[in-house]
Amino acid sequence: MAPAVALAVLVALVAPGLGAAPGCDHPAHRWCSSRDVAAACQVQSRCPSLPHPAAAPVELSLYYESLCPACREFLVLKLFPTWLLLPEEMLNITLVPYGNAQVGAGAPGAGPGACLMHEAKNFSTFFPVIFCLESGSSVTKNLEACLQIYAPEVDSGRISACMQGDTGVALMHHNAQLTEALDPPHQYVPWITINGKHTDELQAQAEASLLGLVCHLYQGEKPEACEGSKAQKIPPGCRR
């Protein structure tokens, strides 16, 4: 018998005055079977082995454009390595490729990033490809090679068709709406929000030590990658 269950049974047998709450319809040996049952019977303090609820991930949104050197630097040197180092449940990333672009007659269609996300859908599939694209000298020309390395199952033809067609226009319009809805309005790129908020301090800390910032904000158990990391500050980059 598990120690927590044995404890609950022992309490029920030898200390009936310390039993479960009135109305608890679970037998004593089930009191510590889950957090919900323990809460219903009001015996959480007597169930020491109950798992703690998982902490919410740190939510990071990156509003960027591929032609901005500072955007590429942040994504390649800070965001992607941090994502690799941390467990999936600790950091949730949203990429919004639009930045300072303009929607209208004569405006360019969607870049490969937006269409890649649309086609691949799974973040762990498309993020390494985007990292590859942003690491190279040409985001568009390297698409085929990056797909072959990181996501050979994704059809490059569908991505090209998306970029040149109505789907790409719709994706660009959607990203424009997301970018224009930012509060406060974005003033430069890359523009970073943390847990839905943007401040100069958060931006500077993310650009200086993203790993340290995420480790500091995460409320759950810290992985080994967080040991010794700390947030720093640098001036925000790529203002326009």
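On a 1 Å grid over the protein atoms alone, a pocket is an open set of points with protein on both sides within 12 Å along at least five of seven lines, whereas a cavity is a set of points where a 1.4 Å probe fits but cannot get out; lining residues have an atom within 4 Å of a point. Grid points are joined across faces, edges and corners, and a volume is the space filled by probe spheres set on the points. The model is predicted: local features need pLDDT of at least 70 and side-chain atom pairs count only at pLDDT 80 or more, while totals for chains, interfaces and linings use all residues. Residues are numbered from 1 along each chain as its sequence is written, and side-chain values use heavy atoms, with hydrogens and water left out.

The secondary structure consists of 9 helices and 3 strands, where helices (H or I, at least four residues) and strands (E, at least two) are DSSP runs numbered from the N terminus. Starting at the N terminus, the order of elements is α-α-β-α-β-α-α-α-α-α-β-α. The protein has 240 residues, and 44% of them are buried (under 20% relative accessible area with a 1.4 Å probe, protein chains only; exposed is over 50% and partly exposed in between).

Helix α3 comprises 17 residues and spans 24 Å between its first and last C-alpha, close to the 24 Å expected at 1.5 Å a residue; the expected span is 1.5 Å times one less than the number of residues. A bend of about 35 degrees occurs in α3 at L75, taken as the angle between axes fitted to the seven residues ending there and the seven starting there. L75 is also among the buried residues of α3, which include C71, R72, F74 and V76.

A pair of aromatic rings is described by the distance of the centres and the angle of the planes. Rings of Phe, Tyr and Trp (its six-membered ring) pair if their centres lie within 6.5 Å, and planes under 30 degrees apart count as stacked, over 60 as edge-to-face and the rest as tilted. The whole structure contains 8 aromatic pairs. One of them joins F80 and F127 edge-to-face, at 5.3 Å centre to centre and 65 degrees between the planes. This pair links distant parts of the chain, with F80 in helix α3 (residues 69–85) and F127 in helix α5, 47 residues apart. F80 has a relative accessible area of 8% and is therefore buried; F127, at 0%, is buried as well. F123 and F126 also pair edge-to-face, with 5.2 Å between centres and 75 degrees between planes. These two residues are about one helical turn apart because they are 3 residues from each other in helix α5, and both F123 and F126 are buried. A single aromatic cluster contains F80, W83, F123, F126, F127 and F131.

The second largest pocket has a volume of about 220 Å³. Of its 14 lining residues, T94, L95, P97, M117 and N175 lie nearest the centre. Two or more lining residues come from each of β2 (91–97), α4, α5 and α8 (166–180), and β2 provides the largest share, 5 residues. The lining of this pocket has 10 nonpolar, 4 polar and no charged residues (Ala, Val, Leu, Ile, Met, Phe, Trp, Tyr, Cys and Pro count as nonpolar, Asp, Glu, Lys and Arg as charged, and the others, Gly among them, as polar).

There is 1 cavity of 30 Å³ or more. The largest cavity, about 30 Å³ in volume, is lined by Y64, S66, P112, G113, I130, L133, E134 and V139. Helix α5 gives the most to this lining, with 3 residues.
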